[in-house]
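Here's a quick briefing to read with the model open in your viewer.

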Amino acid sequence: MCGIVAYFGQKPAQPILVEGLKRLEYRGYDSAGVALMNGGSIRVEKASGRISVLEERLDAPNAAETCGIAHTRWATHGPPTTVNAHPHLDWTGKIAIVHNGIIENYDALKTWLRGEGVTFVSETDSEVLGNLIGYFYAQYGEGTSTEGQHPFEWAVQQALQRVHGAFGLAILCADYPDMMVGARRGSPLMLGIGDGEYLIASDAAAIVEHTSHVIYLSDNEIVTVSRDGFHTKTIHNIVVSKEVEQIEFSLEQIELEGFEHHMLKEIFEQPTALRNCLRGRLDAQQGKITLGGIRSEMRELTRARRFMTTACGTAYHAGLVGEYLFEQLTRVPTKTDFASEFRYRNPILEKGTVCFAISQSGETADTLAAVEKAKERGARVLGIVNVVGSTIARYTDAGMYLHVGPEIGVASTKAFTAQVAVLTMLAIEIGRRRHLSGEEAASLIQELSDIPDKVAQILECSDAIKSIVEAHIDQDNWLFLGRGFNYPVALEGALKLKEISYIHAEGLPAAEMKHGPIALISDGTPVVFIATKGSQYEKIRGNIEEVRARGARTIVVASEGDEDIQKTADHLIRVPDVPELLQPMLTVVPLQLLAYHAAVLKGHDVDKPRNLAKSVTVE
C-alpha cells in the first residue's frame, strides 16, 4: 500500500522523485506529492489522482533542491483529496513527512495535541504523526532529557515511541536542510546507497535505476542521512549496524519491453520465471530435488504431523493447491487458512505443526501477523516469498524464494505459478522421504521440469482466448468451476476477472453447483469449467451438462487429445496433458489471459485496478 521515495545528494531531487513515484504507482494511485528542501524552507506540491496530475503542477526542477521526499497514496484514513495527500507538513511548517501504514492511536494523539494548541488541516492519521514529531521538536531542550542527541533525530524517536501501529517514514526538517530521516515498523523501508547520494524507498523498484546497494531497516529502526554519511539506530537510541545487500533485479526487468501492460508481460514471462524458480532445485536427469533454503529443515518437515499454509488473495489459492499436494504426496493432514482470519482465531498448533507463510511481496500485513502468531504458539514457520530481504523472509525460521523477478501488475500471475511450483517441489521431496517411491518421485520431477515449455504452448492461444472473451464481454456474471486440484484454480480465475475487469465472478467446486449456486444460471451465463483429464473427469462432464441444460454458455479448459469433451463445450481451450497434481500451473494460464483480455475490452487500467494496490501492508 502506498509508495515512498526520497532523495539526498547533489543532483536536482525533483525529477528523481517523480520518476521514482511512477515506478511505485502500482502500490497506490489515489494521490501523490513531493516535498523539496529549499534552503531554510520546505516546498510542497501535491495532487489527487494519478502522478501525471502532480507532474503537470510541478515547475521546472530547481538545481538547488537536492533533497526531497515523495509519496503515492492508497487512501486509508480520509478520502483521496489533495489536502489528504502526502507529504504532510506539521502545523509549524518545519517538519514534512511521507508515511506508509496506519497509526492506530491517532485519534487519542490528535485530541491530546489539540489540547496543546496544535492545529490540523487533513483527515489523515499521517498528519497526526507529523504534528507529533513537530511537537517534540519544539520541546527539545525545554526540561526534557535529550542526552546530547540531535534535536531532529530526538524528536522522531520520541514521537515513534508513542505511536501504535505501522509506519514506513521519510522525514525532513526545515532547520536542517542537509539531513533526512527514515523509520519503519511493520511497513517496508530501505536505504539505497549511491555515489555521494542516498535514496529512501518502500520498494526497490523506485531506486534500482540509481543504485543496487541497499540496507533494509528492521522494525523500530531509524536511519539518519547527512553530508557525512548515514547511521542507523533504534527508536530508543541504540546504535545498530546493518549489512549492505544487493538488489536482485535490474531496471530492465521492471520496464514494459514492448508489452502494452505489465500484467501481460508477466503472464508471458511465466515460462522463464518458472525455469528460474526450478533452476538449481530440480534435477530431472538424476530425479532429485535440492531445496537449499530449507536444507536444515528437511528432517523436521519429514517428521511433521501437520502442515498449515497461511496467505491472502492469490497466494491463498496457491496454498489451497499446496493443501491438495501435501495430503496427496506426503499423507500429512494439511489446512489452508486466510491469514486475515488466522490471526484472530485461536488456532490449534500442536507439536509437530509446520506452517508455510506465502506472500509475493513478503510484506503482507495479515500474513506477517499470522507468522508472528504461529511462532508465538511454537510452530516452525517457513516463508515462500518473492522479494529478497522482505519482512516475512527475515522473520520466518527459513524459507524459499520464488526467483521470478519483480511483479509490477497488481493482479498477481507469475508469482502464483511459482508459488505452486515451490509447493510442488516441497510435497514431492517430503513425500519421497516418507513413503513415495523413487520411481514415482522421479516421474513427477521429470514432468515438473517440462512445465515451463508447456506453459509457453498455452500462451500461443492468447488471441483465441481474446475471441472467446469478445463473445461474452457483455455478460455481468460469470462462474468458474473446478474439482480437486483445479478447484483452487477456479477460485483464482474468478478473482482475476473480478480484480481487473470488475465483472462479478464466483469460483466454486463444480459439485457444489447443485447445492444452491445453480440458481444463478440464466440463459447465456458464461461458465468456465476446468475439465482436464483426472480422477474426477467423468463427474465434471456431468456438471457441464447440468449447466448447459439451463442455458449456460460453457468455456471449457480441457486436456489435449480429449475429443469427447468437445460436444459439451461452446468454447474449448486446450492445455497439454500432465499428471493431475501438476495441472494447476497450466490450467490457470488461460484464465489469466481471459481476465486480461476482458479488462482491456472493458477499457480498464489493467495494471492499476480501482481500489486495489499491489502489496497490502495495512490491515
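Predicted model: local features only at pLDDT ≥ 70, side-chain atom pairs only at ≥ 80, totals over all residues.

- Strands E20 (residues 353–359) and E21 (residues 380–385) run parallel and are joined by six bridges.
- They belong to an open sheet of five strands with parallel pairing, in the order E19-E18-E20-E21-E22.
- The edges are taken by E19 (334–338) and E22 (398–401); each has a single partner strand, so one side of each is left without a neighbour in the sheet.
- Ignoring direction, neighbouring strands here are turned by 20° against each other on average.

**Helices across the sheet**
- H9 (residues 313–329) lies across E18 (306–311), E19 and E20, and runs at about 170° to E19.
- H11 (residues 365–376) lies across E18, E20 and E21, running at about 165° to E20.

**Glu-266**
- You'll find Glu-266 in helix H6 (residues 262–268).
- Which side chain of opposite charge is nearest to Glu-266? That's Lys-414, 5.3 Å away; Glu-266 is buried yet has no salt bridge, because a salt bridge needs the side-chain nitrogen within 4 Å of a carboxyl oxygen.
- A polar atom of the Glu-266 side chain does lie 2.6 Å from the backbone nitrogen of Ile-408.
- Leaving out residues up to four places away in sequence, Glu-266 touches Pro-406, Glu-407, Ile-408, Gly-409, Thr-413 and Lys-414.

Notes:
Residues numbered from 1 in each chain as written. Heavy atoms only, no water. Pairing = 2+ DSSP bridges. Helix = DSSP H or I, 4+ residues; strand = E, 2+ residues; numbered from the N terminus. Axes fitted to C-alpha atoms, helices over the stretch in contact; angles between N-to-C directions. Contact = heavy atoms within 4.5 Å. Buried < 20%, exposed > 50% of the residue type's maximum accessible area, 1.4 Å probe, protein only. Lys, Arg positive; Asp, Glu negative; His and termini not counted. Polar contact = N/O pair within 3.5 Å; in protein donor to acceptor, adjacent residues only side chain to side chain.
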